[in-house]
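Welcome! Take a moment to look over the model below, and then we will walk through its bonds, strands and charged pairs together.

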Amino acid sequence: MNTNKKGLGTALFGALIALTLLAIPAQALDTNNAAFVQTLSGTTSIPVGHAQFCQQRPSECRANAQLVPAVALNEALWQQLLTVNAHVNGTVVPVTDQDLYRVNEFWTYPNGYGDCEDYALAKRRELINAGWPASTLLIAVVKQANGEGHAVLIARTDRGDLVLDNQVGSVDLWNATPYKFIKRQSQANAGQWVDMIDNREVVFATAGIN
């Protein structure tokens, strides 16, 4: 899957979204609105790379003891998302699994190098260590406009599903990204996956990805 690309235009766009998100008064959580990716009932197939990751680290792929539907986003937590996203994006050198491990797909924590899944895993771990509930941090598989697969981290907040991506410097609402959302980890169990419903007819173009 794809490696790191950043764009100033995207960062500015993300900043505008951030101001909008934080300006909206917090209301009772309604995950049926457009700010949240809807999912089908039941589980779906787990990506091969994540299945292998879970075999090696079963403690990280089990049912969540505490199922928190979403984090109540405030300025401090928003800045934490931005900081973790920027830190991981800035410290991991993008390398494909084929070049690094001589295999097509290998999910692991980056050792200074990694591809999109490794970035997502690292961000998830950092945020969990910072106190975010595991049930609100979900790795998702998406499809790019060119048809290639990609992985991102979704942070589920009361303001919507926010995407941490190694290809851009901003943190954006899922429906402001240029991807087709395919499936993600289950909130109930980190070792299970669910299909996502993405019926958008228009895939948004993100400025600055080049």
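Is Asp198 buried or exposed? Asp198 has a relative accessibility of 5%, so it counts as buried. Keep in mind that this is a predicted model. The briefing below covers a disulfide, a sheet and some salt bridges.

**The disulfide**

- There is one disulfide in the structure, and its partners are Cys54 and Cys61, with sulfur atoms 2.2 Å apart.
- As a reminder, a disulfide is a covalent bond between the sulfur atoms of two cysteines.
- The torsion about the S-S bond of Cys54 and Cys61 is about -80°, so this disulfide is left-handed.
- Cys54 counts as buried because its relative accessibility is 11%, and the cut-off for buried is under 20%.
- Cys61 is buried too, at a relative accessible area of 14%.
- Another cysteine to find is Cys116, which is buried with a relative accessible area of 1%.

- An open sheet is built from seven strands, and its order is 1-9-8-4-5-6-7, with antiparallel pairing.
- Strand 1 (38-39) and strand 7 (171-173) stand at the edges with a single partner strand each, so one side of each has no neighbour in the sheet.
- Strand 8 (residues 180-185) pairs with strand 4 (residues 137-143) in the antiparallel sense, over four bridges.
- Across that pairing, Lys143 stands opposite Lys180, and Ala140 stands opposite Arg184.
- Strand 8 is also joined to strand 9 (residues 193-197) by three bridges, and these two strands run antiparallel.

**The salt bridges**

- Side chains of opposite charge can pair when their charged atoms come close.
- How many salt bridges does a search of the whole structure find? The search finds three.
- One of them links the side chains of Arg156 and Asp161, at 2.7 Å from N to O, and both of these residues are buried.
- Asp158 and Arg159 also meet through their side chains, with an N to O distance of 3.6 Å.
- In that pair, Asp158 is partly exposed, with a relative accessible area of 21%, whereas Arg159 is buried at 15%.
- Asp198, the residue from our opening question, forms a salt bridge with Arg200 (2.8 Å, N to O).
- Arg200 has a relative accessibility of 19%, so it counts as buried.

Conventions: Residues numbered from 1 in each chain as written. Predicted model: local features only at pLDDT ≥ 70, side-chain atom pairs only at ≥ 80, totals over all residues. Heavy atoms only, no water. Disulfide = S-S within 2.5 Å. Buried < 20%, exposed > 50% of the residue type's maximum accessible area, 1.4 Å probe, protein only. Pairing = 2+ DSSP bridges. Salt bridge = Lys/Arg side-chain N within 4 Å of Asp/Glu carboxyl O.
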